[in-house]
Amino acid sequence: MLYLDNSATTKPYPEVLDTYLKVAETFFANPSSIHKLGSDAEKLLTSARKQTSELLGVNFREIIFTSGGTEGNNLAIKGAALANKHKGNHIITTEIEHPSVIESVKQLKEIHNFDVTFLPVDENGFVSLERLKNELCNETILVSIMSVNNEIGSIQPIEGIGNLLLNYPNVLFHVDHTQGITKIPLNIKSSSIDLCTISGHKFHALNGTGALYVREGVKLTPILSGGSQEGNLRSGTESLPGIVSMTKALRMAIESSTHNLAILTKVRNKLLNELSTIEGVVINTPISKGAPHIINFSVPGLKAEVLVHFLEEKNIFVSTNSACSSKRVKESTTLLAMNKGGNIAASAIRLSFSLEQTEEIIEPFIIHLKNGLKKLTKVTR
Ligand code: PMP
């Protein structure tokens, strides 16, 4: 089997599953309970927070455990906007953010009358610092920009944006780092980031785990009310097995990343080379400043779903960019924002790799892809 849909979710490391089970069996008590079992669970939670903060290079109190990227983005954006509305009512984000960002800002606009600017991107999927600078105004209180786009893998100039925003003390900087974590270097502190979202299931932890970095001093209005866990920012009994096993995955992914990213970069470059020689294939991924784990290409005229299902029959699992609801198939908003046109957007295929991918996938993938194209299109080679 070739599983090339790791940006959707990764397979958990076996060690992560072991850790989950052990913690669930032994430390099942509620970390808020005052008896010994509860305080043992709380100690383990503290240790996981300490380790996660060290791995991310931030302070202990700056990590809030969440259920993943969607929750982290909602809490960061709605929480920051609502807590800082007295300072201004303008939010800036981009046209190619994940729906958890886009829909959060739309809700803030509709319900709370915020003004929202969606920055356009260029034909390679990059935002422009100049354009951002032009949009910043006295009313701006929040800028939310992803580190790596989940569909095409463009890496945004986060450090440059952070530096620019240092000149705007009222503006909080949120980075959706869900696709970037463990795949690209990002120094949260030196990039002047105020809020940073990560999600466990993108680096071989379990679905439903994640964390939000909240710089000390940043005020957020919680979106979940209840028992005041996680510094009153995220009420709800903590999933200790999920949190501890995510910490394990983060450590394993980071420790192996120097080695694995070098291999991944080779895999990506070789595949891009191969793809560029196939007639009818258009590469949508930016060649430079593209994340090592994402490749996006289109075969204009061939519906992406048709190719996905052809490859699936060969035990190769890739994804379309399309968010499919039951009957309606939507074109990729990212590719449309890049002005790629409907034909490219409707035929876009995403390959996304895990940290453990090797060059062995290249040959079988290319062979089956070529066979598929021969069979499914009228292109003659
Ligand atoms: N942001 C980005 C860039 C993503 O790729 C995803 C997951 N597809 C999310 C946020 C949401 O993460 P989760 O699935 O953990 O809610």
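Predicted model: local features only at pLDDT ≥ 70, side-chain atom pairs only at ≥ 80, totals over all residues.

**Helix α4**

I looked up α4 first: residues 99-112, 14 residues, reaching 19 Å from first C-alpha to last, close to the 20 Å expected at 1.5 Å a residue (the expected span is 1.5 Å times one less than the number of residues). Helices here are DSSP runs of H or I of at least four residues, strands are runs of E of at least two, and both are numbered from the N terminus.

Residues are numbered from 1 along each chain as its sequence is written.

Which residues of α4 are buried? I get S100, V101, I102, S104, V105 and L108 (buried means 20 or more other C-beta atoms within 10 Å of a residue's own, exposed 12 or fewer, partly exposed in between, with C-beta atoms placed from the backbone). Their cover includes α3, β3, β4, β5 and β6 (contact means C-beta atoms, placed from the backbone, within 7 Å). Just after α4, N113 takes a positive phi of about 60°.

**Other positive phi values**

T182 sits in the loop between β6 and β7, and counts as buried with 26 C-beta neighbours inside 10 Å.

N232, also not a glycine, has a positive phi of about 65°. I found N232 in the loop between β8 and α7; it is partly exposed, with 14 other C-beta atoms within 10 Å.

Terms used:
Contact = placed C-beta atoms within 7 Å.
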